Every structure is written in C-alpha cells, then in structure tokens.
Amino acid sequence: MATLLHLDASARRRSISREIGDAFAGAWRAAHPEGTYVHRDLAADPVPHIGEAWTELCDHVLAHGITDIDRYKEAVRTPEQAEAWAVVEPLLSELVAADVVLIATPMYNYSVPSSLKAWLDQVTFPRMSLAGRRFVVATARGGAYGPGAPKARFDHQERFLRDFFTGHFAVEDAVFVAADLANSRVDPALAHRRAEHDELYAAALRTARDLGGEYR
C-alpha cells in the first residue's frame with residue numbers, strides 16, 4: 001500500500017499553503033482508499049532543534065561510513081545520544097516509510113519557517129538517500145518570486161528546498177505548487193494585484209488536486 005507523509009509548517013491555522021496541501025492530500029487519499037496517510041503539523045507540534053548529542057550521532061555515522069538508514073541507531077552510545085535518537089527515530093521512520101512526501105509551507109522572510117528547518121535537520125544524515133520517493137511542496141508566498149520577477153533573486157525557499165532534496169536526499173524531481181502574491185489580500189500596496197493572486201491561487205488548487213489524483 002502507498003503511504004503519504006503530509007507536513008504542515010505554516011504558523012497560521014488557516015493558511016493558503018495548508019489549503020493547497022489539503023487539496024493534494026484529499027485527492028491522494030481519494031485515489032488511494034487503502035493507502036496510509038500520516039499527517040504532522042510542525043507548527044502545532046514543533047520538532048526541537050538539534051543539539052550536541054545529535055551532532056555526535058551524525059559524526060559517528062560519517063566516521064564509520066554508515067549509509068544504511070536502518071543502521072543509524074548503532075551511533076547511540078550515551079544517555080544523551082539516546083535522548084537525541086528518541087526524537088529522531090519516529091520522524092525518520094515516518095519519512096522512510098513514505099512513498100510521497102507532501103510539504104505545505106509558506107515563505108517566511110525569503111526562506112522556510114524555522115519549524116520546517118528543524119524537522120529537516122533532525123531527519124538528515126550524511127550521504128543518506130531517499131531516491132525513489134516523490135516530494136511535493138505546496139507553498140504560498142507574499143510577493144511574486146517566479147522567473148523574471150524583480151524579487152526572484154530573493155527566493156531562498158524553493159531554491160533552498162530543491163538543493164536540499166537533491167544534495168541530501170538524492171531526490172531530483174521535486175514538484176512545487178505555488179500561489180504567489182498572497183499579501184495582496186492584506187497589503188494595500190499590493191491590492192491592485194489581488195485578481196492576479198486569485199488566479200494563481202485557483203490554479204494552484206487545481207494543480208494540487210490533479211497531482212494528488214495522479215501520484216502513486
């Protein structure tokens with residue numbers, strides 16, 4: 001049976017990124033009635049930031065050339081490392097078990113929320129591979145950051161995540177579904193672009209539903 005891991009990172013309980021992510025998840029679940037759906041809200045239930053004991057686990061994995069994820073637990077040698085591993089293990093198990101990983105995240109200050117970065121840090125070890133899994137990112141951004149936009153060079157959200165997935169997880173084909181100009185809903189300076197945002201938002205919802213129904 002297929003498994004979907006769905007992560008939410010928005011600090012808002014009602015958010016555009018959550019709505020786009022829910023559109024994908026709803027369609028995926030309808031297409032996979034027997035599938036396994038795992039949801040983790042990184043804003044409501046934050047993952048702790050890594051500490052020194054985590055770095056020791058990471059150093060051991062690197063020093064001993066451990067690339068098999070099932071062997072990471074061998075790095076635990078002290079009570080402090082056991083505590084760190086107790087945080088890592090359920091998060092990593094969810095990730096490894098997933099066929100599709102859906103990350104619903106806003107852009108905060110040109111990048112990703114710290115809640116998402118904390119999760120990424122906890123589950124990432126040297127030279128690991130998640131090749132074969134499919135990553136989908138549902139995102140909302142306050143301004144316009146697409147190709148050719150004046151602020152495109154400030155996009156450290158999609159660029160960061162693509163580089164992260166490729167460099168750390170060996171995942172090359174992540175799909176991003178974005179609704180830009182979200183701040184036109186509240187910022188008078190962007191009010192004249194509200195119709196453009198509404199079109200982008202509607203298109204993102206359609207794309208998310210279509211992808212969710214297609215992904216296996």
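Which residues are buried in H4? In this predicted model, the list for H4 reads Ser115, Leu116, Ala118, Trp119, Leu120, Asp121, Gln122 and Val123. That leaves helix H4, which covers residues 114-123, mostly covered, with eight of its 10 residues buried. The partners of these buried residues come from several elements: they pack against strand S1 (3-8), H2, H3, S3 and helix H5 (158-169).

The pairing of H4 with H5 can be looked at in a bit more detail. Their axes come within 12 Å and cross at roughly 10°. Angles under 35 degrees count as roughly parallel, and H4 and H5 are therefore roughly parallel to each other. On the H4 side, the contact is made by Leu116, Lys117, Leu120 and Val123, while H5 brings in Phe160, Leu161, Phe164 and Phe169. Sorted by class, the residues of this contact come out as seven nonpolar, no polar and one charged.

H2 and H3 meet quite another way. Helix H2 (residues 52-63) packs with helix H3 (residues 79-97) at an angle of about 85°, and the two axes are 8 Å apart. Since angles of 65 to 115 degrees count as roughly perpendicular, H2 is roughly perpendicular to H3. Here Ala53, Trp54, Glu56 and Leu57 of H2 touch Glu80, Gln81, Ala84, Trp85 and Val88 of H3. The residues of this contact split into six nonpolar, one polar and two charged. H2 also holds histidine 60, which counts as buried because its relative accessibility is 14%, under the 20% cut-off. Leaving out neighbours within four places in sequence, histidine 60 is in contact with Ile66, Glu74, Ala75 and Arg77.

With a relative accessible area of 0%, leucine 102 is buried. Setting aside residues up to four places away in sequence, leucine 102 touches Leu4, Leu5, His6, Leu7, Gly21, Phe24, Ala25, Val136 and Ala138. Serine 184, on the other hand, is 82 residues away from leucine 102 in sequence and 26 Å away in space, going from C-alpha to C-alpha.

Helix H1 is where arginine 18 sits. Is this arginine buried or exposed? Arginine 18 turns out to be buried, with a relative accessible area of 9%. Beyond residues up to four places away in sequence, its contacts are Asp8, Ser10, Arg12, Arg13, Asp41, Ala43 and Ala104.

That brings up the empty space in the model. Rolling a probe the size of a water molecule over the atoms shows where such space is left. The largest pocket holds about 550 Å³. It is lined by 23 residues, and the closest to its centre are Arg12, Ile16, Gly142, Ala182 and Asn183. Helix H1 (residues 16-31) gives the most to this lining, with three residues.

Methods. Residues are numbered from 1 along each chain as its sequence is written. This is a predicted model: local features need pLDDT of at least 70, side-chain atom pairs count only at pLDDT 80 or more; totals for chains, interfaces and linings use all residues. Side-chain values use heavy atoms; hydrogens and water are left out. On a 1 Å grid over the protein atoms alone, a cavity is a set of points where a 1.4 Å probe fits but cannot get out, and a pocket is an open set with protein on both sides within 12 Å along at least five of seven lines; lining residues have an atom within 4 Å of a point. Grid points are joined across faces, edges and corners, and a volume is the space filled by probe spheres set on the points. Helices (H or I, at least four residues) and strands (E, at least two) are DSSP runs, numbered from the N terminus. Buried means under 20% relative accessible area, exposed over 50%, partly exposed in between (1.4 Å probe, protein chains only). Contact means heavy atoms within 4.5 Å. Axes are lines fitted to C-alpha atoms, for helices over the stretch in contact, and angles run from 0 to 180 degrees between N-to-C directions. Angles under 35 degrees count as roughly parallel, over 145 as roughly antiparallel, 65 to 115 as roughly perpendicular and the rest as oblique. Ala, Val, Leu, Ile, Met, Phe, Trp, Tyr, Cys and Pro count as nonpolar, Asp, Glu, Lys and Arg as charged, and the others, Gly among them, as polar.
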